[in-house]
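Student: I have a model open in my viewer and would like to learn how to read it. Could we go through a few features together?

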Amino acid sequence: MRGLRTLGAGALAVALVSGVGWAAQASDGQAPVKAAAVVDGYQVVKLPNATVPNFQRRTVFCPQGKVAIGGGAEAQGQDAILVGSFPTDDGRGWIALGRQMRYSDVGISVYAICANR
């Protein structure tokens with residue numbers, strides 16, 4: 001079908017977390033439903049900022065029994081660039097890497113949006 005668009009799990013999770021998801025768009029006059037109420041076992045896990053060599057991967061994992069339904073990262077530093085942000089192959093966490101143009105290291109924070117299996 002022309003014009004039909006789909007959202008991946010990460011985009012859906014971001015929509016739910018930001019309050020833009022379908023649950024928040026209810027037209028019945030009721031208050032929006034929080035993401036934690038919509039997603040069973042919802043939890044955001046953060047790997048705080050740490051300085052690592054350019055292009056070194058940082059990985060955060062969900063707690064036992066949970067999977068990553070989305071995630072994200074932040075590159076910090078002068079001219080810092082987030083090069084990659086993606087789920088682990090087994091779906092239990094989130095990976096990020098970055099770089100800085102004029103320096104050999106970069107600050108990277110990583111977030112995983114987790115839910116029960």
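Tutor: Gladly, and let's start with a polar contact, meaning a pair of N or O atoms within 3.5 Å; within protein, one must be able to donate a hydrogen and the other to accept it, and residues adjacent in sequence count only if both atoms are side-chain atoms. Here the backbone nitrogen of R92 lies 3.2 Å from a polar atom of the T88 side chain. Please keep in mind that this is a predicted model, where local features need pLDDT of at least 70, side-chain atom pairs count only at pLDDT 80 or more, and totals for chains, interfaces and linings use all residues. Residues are numbered from 1 along each chain as its sequence is written, and side-chain values use heavy atoms, with hydrogens and water left out.

Student: Where is T88 placed? And is T88 buried or exposed?

Tutor: Strands (E, at least two residues) and helices (H or I, at least four) are DSSP runs, numbered from the N terminus. T88 sits in the loop between β4 and β5. Buried means under 20% relative accessible area, exposed over 50%, and partly exposed in between, with a 1.4 Å probe and protein chains only. With a relative accessible area of 10%, T88 is buried.

Student: Which residues does T88 touch?

Tutor: Contact means heavy atoms within 4.5 Å. Not counting residues up to four places away in sequence, T88 touches T59, F61, G93, W94 and I95. Two of these names return in the sheet: F61 stands opposite G93 in β5.

Student: How do I read that sheet?

Tutor: Two strands pair if DSSP finds at least two bridges between them. In this model, 3 strands form an open, antiparallel sheet in the order β2-β5-β4. β2 (58-61) and β4 (80-87) are at the edges with a single partner strand each, so one side of each lacks a neighbour in the sheet. β2 and β5 (residues 93-100) pair over 4 bridges.

Student: How many salt bridges are there?

Tutor: A salt bridge is a side-chain nitrogen of Lys or Arg within 4 Å of a carboxyl oxygen of Asp or Glu. The count comes to 2. One joins R102 and D79, with the closest N and O atoms 2.5 Å apart. R102 is in the loop between β5 and β6 (105-116) and D79 in the loop between β3 (66-76) and β4, so the pair ties together parts 23 residues apart in sequence. R102 is exposed at 55%, while D79 is partly exposed at 37%.
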